[in-house]
Amino acid sequence: MAENQTRIADHQFKDEVFRSLNDLRNSKLLCDTTIRAEGKEFPAHRCVLSAGSLYFRGLFTTELGESESNLIELQLLKCTAINEVLEFIYTGEATVNSSNAQDVIVAADYLIIPSLKAKASEFMENTINASNCLAMESFACQFHCDSLKRAALKYICQHFTCVVESEDFKTLEYNKVKMFISQDEIIVSKEEEVYEAVIRWVKHDMVSRESFFPELLKCVRIFSMSKFSLREIVANEELVLKNQECMSTVLKRMSSFLFSDDAGFRLLERPRLCLKTHEPVVVFTGGHVIPCQMYPPSRKTFGFLPATKQWVELPKMTVGRSRHAAAVCNGHLFVVGGQERAALSYYNPFQNKWCTKKDKMIPVRMGATLTTHKEEMYMIGGKKDRGIILHSVSKYSFQLNRWTDLSPMQFPRAAHCAVGLDGLIYIIAGQDNSVCLKCMECYDPSNDEWSQAPAMTNERKFAAAAASSGDKIIVVGGYADMECENLVESCEIFIKSTNEWNIVAGPIVPRAACGIVSIEDCVYLFGGEDGETEIGSVECYSFQGGAWHLIGNMPKPLTCLQASLLQLPMEYLREQLKVM
């Protein structure tokens with residue numbers, strides 16, 4: 001039978017041992033080594049130093065020269081810091097104040113005593129203010145004090161307008177200025193305050209800093225600045241006027257005030273969190289479940305927030321739609337056509353409701369596309385009553401509530417793709433009255449002219465297409481036959497600069513008739529069908545990484561839906577947002 005046993009502990013005895021060791025050190029008894037810093041000597045015990053510091057352990061247990069020496073020179077450290085280090089090693093306590101905290105951290109970092117370094121760093125976090133935060137952040141970076149670095153950066157962001165007035169800010173190096181003004185968390189009353197800080201920094205030393213201005217201007221969220229501020233900059237700021245790149249940046253933003261849809265809703269152009277009033281949301285309209293003969297087209301509208309991967313319910317459309325067309329124009333979401341033969345409707349995010357335009361519209365159609373260019377929408381192709389495929393093109397002006405006929409396509413098309421890229425509209429694949437297509441046409445809205453473009457490798461109808469933030473168009477999935485039985489699993493990417501197509505890997509779940517949006521350098525796919533049933537998964541493709549990833553599921557599987565990227569008011573989202 002095993003003997004009963006227990007482990008006893010006497011914490012008072014342990015504390016007495018530490019006190020005795022420290023008394024021996026202070027009395028210079030049994031000491032077998034001496035530390036020297038700034039000419040002052042500190043007797044100590046090798047075994048105690050080795051137990052408290054990995055630096056000393058390595059020094060006394062390896063073949064280093066000091067392992068046989070009784071004197072250790074620490075020329076880089078302050079004697080006051082060494083005194084506190086020894087107190088900490090022997091007693092677990094040290095005195096840290098504003099005058100020695102940095103020296104203690106330097107010593108603890110050099111001698112590899114993480115707990116002392118963390119405690120001294122914690123003390124410094126509580127002393128951060130407007131006059132020392134920049135120096136604190138720099139010090140924390142140099143000595144890898146991550147918690148202190150985060151605290152200093154947080155203070156800088158929260159007190160940005162005060163910090164940039166300091167002398168320390170004026171003497172910062174370029175990389176630090178760029179890092180600080182790039183933070184989403186900066187708290188300002190308006191973006192103009194960040195711009196003004198950049199101007200002051202550059203003009204503090206124009207000779208050496210003027211060359212940095214174009215890159216710093218790119219970090220300013222000029223899309224958050226007012227048009228009146230931009231007008232003043234273009235009229236009077238020499239740093240902008242004499243630099244073509246800077247002028248182009250500012251003028252492009254001024255143009256977006258006139259043509260908001262051309263600017264796009266790239267997540268890359270997000271305002272500071274403190275100035276954020278809208279959130280980019282992927283809004284879904286219509287669609288159906290299979291078989292469509294048994295289920296009516298959906299009236300539901302719901303949204304997906306790419307930043308948080310959350311879903312939000314939106315008001316229902318006045319009628320159900322499927323195989324319809326959708327586009328964002330002038331901050332509103334427009335839908336037209338579809339199975340219910342409904343006229344033009346639009347969602348007003350500012351009023352959070354759907355409205356219907358009573359217009360003398362062209363004949364309602366299915367499988368058409370709707371594309372925006374300079375606050376006008378272009379409705380292209382589609383299937384008319386009695387199954388006739390159209391090659392007609394019409395332009396719609398929201399302000400005038402008027403449709404205008406334009407030059408037709410060379411080929412009639414329905415179930416095709418339309419993508420805007422660099423001021424041109426590319427029409428891709430689809431079907432005519434007898435076969436699936438793989439050809440592409442290009443429309444120039446500036447002169448109402450069509451031109452031919454390279455054809456894809458595969459015929460596709462009910463494919464999905466989107467443009468990247470660069471010069472690429474990706475076409476995903478679709479069917480290769482009129483009967484919708486042969487699903488195309490691959491994708492093809494058109495590169496405008498080389499004017500050619502390349503085949504790339506298809507999505508993890510092959511699909512047709514899905515929703516698609518492009519956000520920065522990624523493409524998101526939503527729903528669709530595989531020929532037998534509707535799909536509910538969501539996938540993301542990175543142009544840079546060249547791979548697909550599953551990122552979740554839709555609240556309800558749907559096919560023949562439309563996905564559009566729209567800015568929704570934060571106030572509404574905060575009230576209504578909920579995971580569906």
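Predicted model: local features only at pLDDT ≥ 70, side-chain atom pairs only at ≥ 80, totals over all residues.
## The loop holding Asn-352

Asn-352 sits in the loop between β9 (345-348) and β10 (353-356). Strands here are DSSP runs of E with at least two residues, helices are runs of H or I with at least four, and both are numbered from the N terminus. Asn-352 is not a glycine, yet its phi is positive, about 55 degrees.

Residues are numbered from 1 along each chain as its sequence is written, and side-chain values use heavy atoms, with hydrogens and water left out.

Ala-429 belongs to strand β16 (residues 424-431). Its relative accessible area is 1%, so Ala-429 is buried.

Ser-50 lies in helix α2 (residues 46-52). With a relative accessible area of 13%, Ser-50 is buried too. Which residues does Ser-50 touch, not counting those up to four places away in sequence? They are Phe-56, Arg-57 and Phe-60. Contact means heavy atoms within 4.5 Å.

## Helices α6 and α8

Two packed helices are described by the angle between their axes and the distance between the axes. Helix α6 (residues 114-125) and helix α8 (residues 146-158) have axes that come within 9 Å and cross at roughly 10 degrees. Axes are lines fitted to C-alpha atoms, for helices over the stretch in contact, and angles run from 0 to 180 degrees between N-to-C directions. α6 and α8 are therefore roughly parallel to each other. That word covers angles under 35 degrees; over 145 is roughly antiparallel, 65 to 115 roughly perpendicular, and the rest oblique. On the α6 side, Ser-121, Met-124 and Glu-125 make the contact; they meet Ser-147, Leu-148 and Ala-151 in α8. The residues of this contact divide into three nonpolar, two polar and one charged. Nonpolar means Ala, Val, Leu, Ile, Met, Phe, Trp, Tyr, Cys and Pro; charged means Asp, Glu, Lys and Arg; the others, Gly among them, are polar.

How far apart are the end C-alpha atoms of α8? They are 18 Å apart, which agrees with the 18 Å that its 13 residues should span at 1.5 Å a residue. The expected span is 1.5 Å times one less than the number of residues. The buried residues of α8 are Leu-148, Ala-152, Leu-153, Tyr-155, Ile-156 and Cys-157. Their cover includes α6, α7 (133-142), α9 (160-163) and α11 (174-181).

## Helices α1 and α4

Helix α1 (residues 11-26) packs on helix α4 (residues 79-91) at an angle of about 145 degrees, with the axes 8 Å apart. From α1 come Phe-18, Leu-21, Asn-22 and Arg-25; from α4 come Leu-86, Glu-87, Tyr-90 and Thr-91. By class, the contact has four nonpolar, two polar and two charged residues.

## The sheet from β19 to β22

Four strands form an open sheet in the order β19-β20-β21-β22, with antiparallel pairing. Two strands pair if DSSP finds at least two bridges between them. The edge strands, β19 (464-467) and β22, each pair on one side only. From one strand to the next, the twist averages 20 degrees.

Strand β21 (residues 491-495) and strand β22 (residues 500-504) run antiparallel, joined by five bridges. Cys-491 stands opposite Val-504 in β22. Phe-494 has Trp-501 as its bridge partner. β21 and β22 form a hairpin with four residues between them. In the turn, Asn-499 has a positive phi of about 60 degrees.

## The sheet from β23 to β26

Another open sheet of four strands has the order β23-β24-β25-β26, and its pairing is antiparallel. β23 (515-519) and β26 (547-553) stand at the edges with a single partner strand each, so one side of each is left without a neighbour in the sheet. Neighbouring strands are turned by 20 degrees against each other on average, direction ignored. β23 pairs with strand β24 (residues 522-526) over five bridges, in the antiparallel sense. Gly-515 has Phe-526 in β24 as its bridge partner.

Note on methods: Buried < 20%, exposed > 50% of the residue type's maximum accessible area, 1.4 Å probe, protein only.
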